[in-house]
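Please open the model in the viewer and keep a selection panel at hand. The stops below are to be visited in order.

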Amino acid sequence: RVPTGLLSLLLALSLLSPWGSVGGSCPPRCVCASNLLSCSQANLSAVPAPLPRFTAVLDLSHNNVTRLRADWAPARLPHLHALLLSHNGLAFVSTEAFTHVPRLRHLDLSSNRLRTLDENLFSDLGELEVLLLYNNEIATVDRTAFENLGRLRKLYLGQNRIARFPLELLREGTRLPQLALLDLSANRLRAVPSGELQALPAWLRDRLYLHNNPLVCDCPLFQLLDRGRRRHLSAVEDFQDELRCFPPGATTLMKILDLAGKQPLNCSKAQEAVLEAHLGDSVTLGCDSRWQGVRSRHWVTPGGERVLGDGGNGSVVLLANGSLQLRALRPEDAGTYSCWVAGPLLNETLYVELLVHNFTLHGPHDTLNTAYTTLVGCILSVVLVLIYLYLTPCRCCCCRGTEKPPAPRDDSINSSVLSTTPNHAGGTGEPCGSHRAPSAGTGQNGRFKGGGTPPLPTRPGPKAQRKVSDPDSVSSVFSDTPIVV
């Protein structure tokens, strides 16, 4: 016989144990320990029922649960924070499957046969922190599949068939606010938005895994990863051999970090944190640390001045986010600035080189405009000179290029010089080619001698009685020799 006191003690212990209470029996083929329920490798084709409502960890891995319907948990499980469903051949997950587990923080759906992530699939899991979806057949990811996951820190999407980079998970304004790790390795990505990824904080790029993707080589991709290697980012430094790409026109992969100076791309190495500015500008130097939880930081200027957290002088100010703002730049502000960061694990020093051009922002444009105006003016001058030389109308009736013949001998050369009245006969003229060279001999410089010039035949008309002037007398008009009549 069992004493009455001992029976009472056993009854009390059974009531205190969660598995001894009403509705808290351990399901068949499962192992229960406190609030842990392990049904791994139990050859289950469905989730066992009923599940104790105080279950905190439910392990259903390595079974044959191929479909996760909305009624797998008919009652609310307010304490469940970890659900393990890996290695089940799971091919379907209802959009209402997580309605009764709102406190879930860890969800493992890895190594299954999921092909799509539907709209708002995980929207009921507002407290989810870790989501494992690697080693599935996922090819389509709806842009709203991860909405409302405000506390998600780690998302594993590796070893799937994803061909579109989910930039909405990282872009400012739409990204998950607490996301610190995104694994996209071993997928089918052909390209990544290198420029937008470079603008991400270094602590996020430190856990962005892109290795083992069939990427197409380009220089922005190389410079993105080269900067990551210089900064010792884990996603780059730990997987240098697996970061490969296809060069243009090639069918074999090569290491992305070996693209520097090699054909056909001949990429140049990335310069880390080099900023250019002009005189009088205001610039902000960012302290892009790898550590997310920074305890403290301060800056040191090129002149050795230390800028602490309480600000600086009027031209150098330390902002609340750790950036250093420089106002009204001067030539002496150029140089290398260093940011000293005290991280949660290790300290880090970042360097930013500032180049200050010795002119204002509009200086180069004004210089260009002046040079352009001068060049245009010179070209117009040359064109006008050419027009004057070659396109001036010919005063002769014949074509230009024929030497003008001497004037008719019946007109007085002196009168043509001294008189304003034209000496042309009758208003009609002979063609330019009709003039004949004089038969008399000429003296020096082609001038006729006065004594040996025979008189020309006279023509009828009012000017027939005029005397023939000596051709040499034309020089007397412009010389000191008296005019001889």
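Begin by selecting Ser323, which lies in the loop between strand S21 (316–318) and strand S22 (324–326). The model is predicted. Is Ser323 buried or exposed? Ser323 has a relative accessible area of 9%, and Ser323 therefore counts as buried, the cut-off being under 20%.

Next, display the surroundings of Ser323. Setting aside neighbours within four places in sequence, Ser323 is in contact with Thr284, Leu285, Gly286, Cys287, Trp299, Val317 and Leu318.

S23 and S24 pair in the antiparallel sense, over eight bridges. Which residue of S24 is the bridge partner of Ser338? Tyr351 takes that place.

For the next stop, select the open sheet of nine strands, in which the pairing is mixed. The edge strands are S1 (31–33) and S13 (208–209), each of which pairs on one side only. In general, strands of a sheet pair through backbone hydrogen bonds, either parallel or antiparallel.

S12 and S13 pair in the parallel sense over two bridges. Here Asp183 may be selected together with Tyr209 in S13, which it stands opposite.

How values were computed
Residues numbered from 1 in each chain as written. Predicted model: local features only at pLDDT ≥ 70, side-chain atom pairs only at ≥ 80, totals over all residues. Heavy atoms only, no water. Pairing = 2+ DSSP bridges. Helix = DSSP H or I, 4+ residues; strand = E, 2+ residues; numbered from the N terminus. Buried < 20%, exposed > 50% of the residue type's maximum accessible area, 1.4 Å probe, protein only. Contact = heavy atoms within 4.5 Å.
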